[in-house]
Amino acid sequence: MHSGFIAIVGRPNVGKSTMMNKLIEEKVAIVSNKSGTTRDRIKGIVNKGENQYIFMDTPGIHKPRHLLGEHMTNVALETLKGVDAIMFLLDGTQEISTGDEFVNDHVKAVNTPVVLVINKIDKLSDQEIQDKLLEIKEKLGDFDKIITIAAEYGIGMHKIYDELREYLTSDVWYYPEDMYTDISINKMIREIVREKLLFYTKDEIPHSIAIEIIDIDNTPKLARYDINIYVERDSQKGIIIGKDGNLLKKVGREARLEIENLLEKKVFLNLWVKVKKNWRKKKDFLKELGYDE
Ligand SMILES: Nc1nc2c(ncn2[C@@H]2O[C@H](COP(=O)(O)OP(=O)(O)OP(=O)(O)O)[C@@H](O)[C@H]2O)c(=O)[nH]1
Ligand SMILES: [Mg+2]
(Lines give C-alpha, C1' and ligand atoms only; values in the text may rest on other atoms or scores of the structure.)
(Ligands and ions follow the chains in the order given, each with its own letter.)
Protein backbone atom coordinates (compact mmCIF):
# COMPACT_ATOMS: atom_id res chain seq x y z
CA MET A 1 0.00 0.00 0.00
CA HIS A 2 1.12 3.55 -0.75
CA SER A 3 -0.17 6.96 0.20
CA GLY A 4 0.84 10.58 0.28
CA PHE A 5 -0.31 14.13 0.92
CA ILE A 6 -0.49 16.51 -2.03
CA ALA A 7 -1.01 20.27 -1.63
CA ILE A 8 -2.97 22.09 -4.34
CA VAL A 9 -1.94 25.76 -4.47
CA GLY A 10 -2.13 28.72 -6.81
CA ARG A 11 -3.63 32.16 -7.30
CA PRO A 12 -7.38 32.60 -6.75
CA ASN A 13 -9.73 31.36 -9.45
CA VAL A 14 -7.28 29.15 -11.37
CA GLY A 15 -9.44 26.04 -10.81
CA LYS A 16 -7.95 24.34 -7.75
CA SER A 17 -11.27 23.29 -6.24
CA THR A 18 -12.69 22.22 -9.59
CA MET A 19 -9.66 19.97 -10.07
CA MET A 20 -9.86 18.44 -6.61
CA ASN A 21 -13.56 17.60 -6.98
CA LYS A 22 -12.84 15.97 -10.34
CA LEU A 23 -9.89 13.99 -8.95
CA ILE A 24 -11.89 12.51 -6.09
CA GLU A 25 -15.12 12.23 -8.10
CA GLU A 26 -17.14 13.89 -5.32
CA LYS A 27 -18.11 17.48 -4.66
CA VAL A 28 -16.42 18.54 -1.45
CA ALA A 29 -15.17 22.03 -2.33
CA ILE A 30 -17.49 24.73 -3.65
CA VAL A 31 -16.61 26.40 -6.93
CA SER A 32 -17.43 29.80 -8.42
CA ASN A 33 -16.20 32.25 -11.02
CA LYS A 34 -15.50 34.80 -8.26
CA SER A 35 -11.99 34.79 -6.82
CA GLY A 36 -11.57 33.93 -3.16
CA THR A 37 -14.16 31.14 -3.10
CA THR A 38 -12.23 28.68 -0.95
CA ARG A 39 -11.46 29.99 2.55
CA ASP A 40 -10.12 26.86 4.31
CA ARG A 41 -8.01 23.84 3.64
CA ILE A 42 -10.19 20.92 2.50
CA LYS A 43 -8.97 17.36 2.12
CA GLY A 44 -10.14 15.17 -0.72
CA ILE A 45 -9.14 11.52 -0.52
CA VAL A 46 -9.20 9.01 -3.37
CA ASN A 47 -7.99 5.43 -3.59
CA LYS A 48 -6.73 4.01 -6.88
CA GLY A 49 -5.75 0.35 -6.54
CA GLU A 50 -3.20 0.17 -3.77
CA ASN A 51 -2.61 3.93 -3.81
CA GLN A 52 -4.27 6.49 -1.54
CA TYR A 53 -3.99 10.10 -2.73
CA ILE A 54 -4.74 12.74 -0.09
CA PHE A 55 -5.27 16.06 -1.86
CA MET A 56 -5.38 19.31 0.08
CA ASP A 57 -7.28 22.11 -1.63
CA THR A 58 -6.32 25.54 -0.33
CA PRO A 59 -7.49 29.15 -0.63
CA GLY A 60 -6.01 31.17 -3.49
CA ILE A 61 -2.78 32.86 -2.48
CA HIS A 62 -3.14 36.65 -2.76
CA LYS A 63 -2.08 39.90 -1.16
CA PRO A 64 -4.41 40.19 1.87
CA ARG A 65 -6.33 43.37 2.64
CA HIS A 66 -7.94 42.19 5.89
CA LEU A 67 -7.72 39.43 8.50
CA LEU A 68 -9.83 36.96 6.53
CA GLY A 69 -7.47 37.33 3.55
CA GLU A 70 -4.50 36.87 5.85
CA HIS A 71 -6.03 33.68 7.22
CA MET A 72 -6.63 32.40 3.69
CA THR A 73 -3.13 33.03 2.41
CA ASN A 74 -1.60 31.68 5.63
CA VAL A 75 -3.58 28.45 5.35
CA ALA A 76 -2.30 27.93 1.81
CA LEU A 77 1.32 28.68 2.67
CA GLU A 78 1.19 26.50 5.81
CA THR A 79 -0.13 23.58 3.75
CA LEU A 80 3.12 23.57 1.76
CA LYS A 81 4.95 22.35 4.83
CA GLY A 82 4.83 18.63 5.47
CA VAL A 83 3.31 17.39 2.20
CA ASP A 84 4.87 14.81 -0.12
CA ALA A 85 4.24 16.79 -3.30
CA ILE A 86 2.89 20.15 -4.41
CA MET A 87 0.60 20.81 -7.35
CA PHE A 88 1.02 24.42 -8.44
CA LEU A 89 -1.91 25.42 -10.66
CA LEU A 90 -1.90 28.13 -13.31
CA ASP A 91 -4.78 29.44 -15.37
CA GLY A 92 -3.43 28.80 -18.88
CA THR A 93 -5.65 31.50 -20.37
CA GLN A 94 -3.95 34.23 -18.37
CA GLU A 95 -0.53 35.76 -18.61
CA ILE A 96 1.78 34.72 -15.78
CA SER A 97 1.53 37.46 -13.18
CA THR A 98 3.44 38.69 -10.16
CA GLY A 99 0.84 36.72 -8.17
CA ASP A 100 2.00 33.49 -9.84
CA GLU A 101 5.62 34.49 -9.24
CA PHE A 102 4.82 35.00 -5.55
CA VAL A 103 3.34 31.47 -5.36
CA ASN A 104 6.35 30.17 -7.28
CA ASP A 105 8.79 31.64 -4.74
CA HIS A 106 6.95 29.89 -1.92
CA VAL A 107 6.63 26.47 -3.56
CA LYS A 108 10.30 26.51 -4.51
CA ALA A 109 11.33 27.51 -0.98
CA VAL A 110 10.21 24.18 0.50
CA ASN A 111 12.21 21.13 -0.35
CA THR A 112 9.32 19.20 -1.94
CA PRO A 113 8.64 18.02 -5.51
CA VAL A 114 6.56 20.55 -7.47
CA VAL A 115 4.27 19.55 -10.31
CA LEU A 116 3.19 22.54 -12.35
CA VAL A 117 -0.34 22.17 -13.72
CA ILE A 118 -1.59 24.32 -16.59
CA ASN A 119 -5.39 24.37 -16.33
CA LYS A 120 -8.17 25.51 -18.70
CA ILE A 121 -6.45 24.17 -21.83
CA ASP A 122 -9.92 23.71 -23.35
CA LYS A 123 -9.53 27.40 -24.22
CA LEU A 124 -6.02 27.09 -25.71
CA SER A 125 -4.71 26.01 -29.11
CA ASP A 126 -1.66 23.72 -29.37
CA GLN A 127 0.44 26.72 -30.32
CA GLU A 128 -0.79 28.66 -27.28
CA ILE A 129 0.14 25.73 -25.04
CA GLN A 130 3.66 25.70 -26.53
CA ASP A 131 3.94 29.46 -25.95
CA LYS A 132 2.75 29.02 -22.38
CA LEU A 133 5.47 26.42 -21.74
CA LEU A 134 8.09 28.92 -22.92
CA GLU A 135 6.59 31.68 -20.76
CA ILE A 136 6.70 29.34 -17.75
CA LYS A 137 10.33 28.48 -18.32
CA GLU A 138 11.22 32.13 -18.67
CA LYS A 139 9.22 33.55 -15.76
CA LEU A 140 8.99 30.66 -13.29
CA GLY A 141 11.96 28.43 -14.12
CA ASP A 142 12.03 24.63 -14.04
CA PHE A 143 9.66 22.13 -12.44
CA ASP A 144 9.86 18.46 -11.59
CA LYS A 145 6.92 17.89 -13.91
CA ILE A 146 4.49 19.88 -16.03
CA ILE A 147 0.96 18.63 -16.78
CA THR A 148 -1.74 20.22 -18.95
CA ILE A 149 -5.40 19.73 -18.01
CA ALA A 150 -8.93 21.06 -18.31
CA ALA A 151 -10.26 20.34 -14.84
CA GLU A 152 -13.80 21.41 -15.62
CA TYR A 153 -14.08 18.71 -18.28
CA GLY A 154 -12.05 16.08 -16.43
CA ILE A 155 -9.37 16.23 -19.15
CA GLY A 156 -5.96 15.05 -17.97
CA MET A 157 -6.96 13.63 -14.60
CA HIS A 158 -5.37 10.23 -15.37
CA LYS A 159 -2.03 11.99 -15.99
CA ILE A 160 -2.23 13.48 -12.52
CA TYR A 161 -2.67 10.09 -10.80
CA ASP A 162 0.14 8.61 -12.91
CA GLU A 163 2.61 11.42 -12.39
CA LEU A 164 1.98 11.71 -8.64
CA ARG A 165 2.29 8.00 -7.92
CA GLU A 166 6.03 8.12 -7.29
CA TYR A 167 5.51 10.71 -4.55
CA LEU A 168 3.23 8.46 -2.46
CA THR A 169 6.03 7.49 -0.15
CA SER A 170 4.15 6.26 2.90
CA ASP A 171 3.37 2.55 3.07
CA VAL A 172 0.23 2.88 5.16
CA TRP A 173 -3.16 4.34 4.28
CA TYR A 174 -4.05 7.28 6.53
CA TYR A 175 -7.80 7.13 5.93
CA PRO A 176 -10.38 4.35 5.78
CA GLU A 177 -11.37 3.20 2.30
CA ASP A 178 -14.77 4.90 2.26
CA MET A 179 -13.65 8.29 3.59
CA TYR A 180 -13.32 10.95 0.88
CA THR A 181 -13.12 14.17 2.85
CA ASP A 182 -12.48 15.66 6.29
CA ILE A 183 -15.11 18.37 5.94
CA SER A 184 -18.07 17.96 8.34
CA ILE A 185 -21.68 17.82 7.17
CA ASN A 186 -22.48 21.14 8.84
CA LYS A 187 -19.52 22.82 7.20
CA MET A 188 -20.61 21.39 3.86
CA ILE A 189 -24.10 22.80 4.38
CA ARG A 190 -22.72 26.26 5.13
CA GLU A 191 -20.55 26.06 2.02
CA ILE A 192 -23.46 25.00 -0.20
CA VAL A 193 -25.48 28.04 0.92
CA ARG A 194 -22.46 30.26 0.27
CA GLU A 195 -21.93 28.76 -3.18
CA LYS A 196 -25.50 29.54 -4.25
CA LEU A 197 -25.10 33.11 -2.97
CA LEU A 198 -21.80 33.55 -4.83
CA PHE A 199 -23.48 32.53 -8.05
CA TYR A 200 -26.04 35.33 -7.85
CA THR A 201 -23.86 38.14 -6.48
CA LYS A 202 -20.92 40.18 -7.74
CA ASP A 203 -18.31 42.82 -6.96
CA GLU A 204 -17.64 43.06 -3.23
CA ILE A 205 -20.65 41.03 -2.07
CA PRO A 206 -19.24 37.50 -2.63
CA HIS A 207 -16.29 38.43 -0.43
CA SER A 208 -18.53 39.93 2.25
CA ILE A 209 -20.69 36.85 2.81
CA ALA A 210 -20.30 34.53 5.78
CA ILE A 211 -22.61 31.71 6.82
CA GLU A 212 -23.34 30.46 10.30
CA ILE A 213 -25.72 27.71 11.40
CA ILE A 214 -27.49 28.95 14.52
CA ASP A 215 -29.89 26.08 15.22
CA ILE A 216 -30.49 22.53 14.00
CA ASP A 217 -33.43 20.23 14.48
CA ASN A 218 -32.48 16.83 13.12
CA THR A 219 -34.83 13.81 13.06
CA PRO A 220 -34.52 10.57 11.06
CA LYS A 221 -36.90 11.83 8.38
CA LEU A 222 -36.19 15.55 8.22
CA ALA A 223 -33.77 18.25 9.21
CA ARG A 224 -34.32 21.93 9.87
CA TYR A 225 -31.47 24.43 9.79
CA ASP A 226 -31.66 28.04 10.96
CA ILE A 227 -28.89 29.86 9.15
CA ASN A 228 -27.54 33.39 9.38
CA ILE A 229 -26.12 34.98 6.26
CA TYR A 230 -23.81 37.80 7.27
CA VAL A 231 -22.92 40.73 5.04
CA GLU A 232 -20.94 43.85 5.84
CA ARG A 233 -23.33 46.65 4.87
CA ASP A 234 -27.06 47.46 4.92
CA SER A 235 -27.07 47.95 1.14
CA GLN A 236 -25.70 44.42 0.70
CA LYS A 237 -28.47 43.02 2.86
CA GLY A 238 -31.09 44.50 0.53
CA ILE A 239 -29.40 43.05 -2.54
CA ILE A 240 -29.20 39.56 -1.06
CA ILE A 241 -32.83 39.55 -0.03
CA GLY A 242 -33.76 40.83 -3.50
CA LYS A 243 -36.98 42.31 -4.82
CA ASP A 244 -39.89 40.76 -2.91
CA GLY A 245 -37.36 38.42 -1.30
CA ASN A 246 -36.82 36.69 -4.63
CA LEU A 247 -33.07 36.25 -4.56
CA LEU A 248 -33.08 34.76 -1.09
CA LYS A 249 -35.91 32.42 -2.08
CA LYS A 250 -33.98 31.22 -5.13
CA VAL A 251 -30.82 30.65 -3.10
CA GLY A 252 -32.82 28.86 -0.40
CA ARG A 253 -34.48 26.54 -2.89
CA GLU A 254 -31.25 25.62 -4.70
CA ALA A 255 -29.34 25.07 -1.47
CA ARG A 256 -32.17 23.00 0.01
CA LEU A 257 -32.28 20.65 -3.01
CA GLU A 258 -28.54 20.05 -2.84
CA ILE A 259 -28.59 19.52 0.93
CA GLU A 260 -31.54 17.11 0.63
CA ASN A 261 -29.44 15.09 -1.82
CA LEU A 262 -26.53 15.10 0.57
CA LEU A 263 -28.51 14.10 3.66
CA GLU A 264 -31.04 11.91 1.82
CA LYS A 265 -33.92 13.37 3.76
CA LYS A 266 -36.31 16.29 3.66
CA VAL A 267 -34.74 19.60 4.63
CA PHE A 268 -36.11 22.95 5.78
CA LEU A 269 -33.82 25.95 5.56
CA ASN A 270 -34.60 29.18 7.38
CA LEU A 271 -32.25 31.84 6.06
CA TRP A 272 -31.78 35.16 7.86
CA VAL A 273 -29.67 38.01 6.48
CA LYS A 274 -27.75 39.99 9.10
CA VAL A 275 -25.35 42.91 8.87
CA LYS A 276 -22.06 42.57 10.72
CA LYS A 277 -20.02 45.65 9.90
CA ASN A 278 -16.46 44.91 8.68
CA TRP A 279 -16.58 41.34 9.95
CA ARG A 280 -13.59 40.38 7.78
CA LYS A 281 -11.41 42.53 10.01
CA LYS A 282 -12.78 41.23 13.33
CA LYS A 283 -10.70 38.59 15.00
CA ASP A 284 -13.36 37.29 17.39
CA PHE A 285 -15.97 36.88 14.70
CA LEU A 286 -13.52 35.16 12.35
CA LYS A 287 -12.78 32.73 15.14
CA GLU A 288 -16.48 32.08 15.61
CA LEU A 289 -16.69 31.22 11.91
CA GLY A 290 -13.67 28.92 12.17
CA TYR A 291 -11.40 31.18 10.10
CA ASP A 292 -8.72 31.38 12.77
CA GLU A 293 -5.87 29.11 11.85
N1 LIG B 1 -12.73 26.95 -19.17
C2 LIG B 1 -12.43 26.36 -18.03
N3 LIG B 1 -12.84 26.88 -16.84
C4 LIG B 1 -12.47 26.25 -15.70
C5 LIG B 1 -11.70 25.06 -15.71
N6 LIG B 1 -11.49 24.68 -14.44
C7 LIG B 1 -12.13 25.59 -13.65
N8 LIG B 1 -12.72 26.53 -14.40
C9 LIG B 1 -13.52 27.69 -13.92
O10 LIG B 1 -12.69 28.55 -13.19
C11 LIG B 1 -13.43 29.21 -12.15
C12 LIG B 1 -12.73 29.05 -10.82
O13 LIG B 1 -12.77 27.71 -10.40
P14 LIG B 1 -12.46 27.27 -8.89
O15 LIG B 1 -12.28 25.80 -8.90
O16 LIG B 1 -13.46 27.85 -7.95
O17 LIG B 1 -11.04 28.00 -8.68
P18 LIG B 1 -10.13 28.03 -7.37
O19 LIG B 1 -8.72 28.05 -7.84
O20 LIG B 1 -10.52 26.97 -6.43
O21 LIG B 1 -10.50 29.49 -6.80
P22 LIG B 1 -10.36 30.05 -5.28
O23 LIG B 1 -11.03 29.09 -4.36
O24 LIG B 1 -11.05 31.37 -5.36
O25 LIG B 1 -8.89 30.21 -5.02
C26 LIG B 1 -14.83 28.59 -12.18
O27 LIG B 1 -15.68 29.45 -12.89
C28 LIG B 1 -14.61 27.28 -12.93
O29 LIG B 1 -15.78 26.85 -13.60
C30 LIG B 1 -11.30 24.51 -16.98
O31 LIG B 1 -10.67 23.47 -17.10
N32 LIG B 1 -11.69 25.21 -18.09
MG1 LIG C 1 -11.22 27.05 -4.51
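Author: A lining residue of a pocket is one with an atom within 4 Å of a pocket grid point. The model discussed here is predicted.

Reader: Which residues lie nearest the centre of the largest pocket?

Author: The largest pocket has a volume of about 470 Å³. Its lining is made up of 27 residues. Those that lie nearest the centre are N13, G15, T18, S32 and K120.

Reader: Which class has 13 residues in the lining of the largest pocket?

Author: The lining of the largest pocket has 8 nonpolar residues and 6 charged ones. The class with 13 residues is polar.

Reader: From which helix does the largest share of the lining come?

Author: The share in question is 3 residues of the lining of the largest pocket. They belong to the helix spanning residues 16-24, which is α1.

Reader: How far does helix α2 reach from its first C-alpha to its last?

Author: Helix α2 covers residues 67-79, 13 residues in total. At 1.5 Å a residue, the expected reach is 18 Å. The computed reach is close to that, at 18 Å.

Reader: What covers the buried residues of α2?

Author: The buried residues of α2 include L68, M72, V75 and L77. Among the elements that cover the buried residues are the strands β1 and β3. The cover also includes the helices α3 and α10.

Reader: Is E191 buried or exposed?

Author: E191 is found in helix α6, residues 185-200, and touches I30 and I183, leaving aside residues up to four places away in sequence. Its relative accessibility is 5%. Buried means under 20%, so E191 counts as buried.

Key
Residues are numbered from 1 along each chain as its sequence is written. Chains are lettered from A and ligands numbered from 1 in the order in which they are written. This is a predicted model: local features need pLDDT of at least 70, side-chain atom pairs count only at pLDDT 80 or more; totals for chains, interfaces and linings use all residues. Side-chain values use heavy atoms; hydrogens and water are left out. On a 1 Å grid over the protein atoms alone, a cavity is a set of points where a 1.4 Å probe fits but cannot get out, and a pocket is an open set with protein on both sides within 12 Å along at least five of seven lines; lining residues have an atom within 4 Å of a point. Grid points are joined across faces, edges and corners, and a volume is the space filled by probe spheres set on the points. Helices (H or I, at least four residues) and strands (E, at least two) are DSSP runs, numbered from the N terminus. Ala, Val, Leu, Ile, Met, Phe, Trp, Tyr, Cys and Pro count as nonpolar, Asp, Glu, Lys and Arg as charged, and the others, Gly among them, as polar. The expected span of a helix is 1.5 Å times one less than its number of residues. Buried means under 20% relative accessible area, exposed over 50%, partly exposed in between (1.4 Å probe, protein chains only). Contact means heavy atoms within 4.5 Å.
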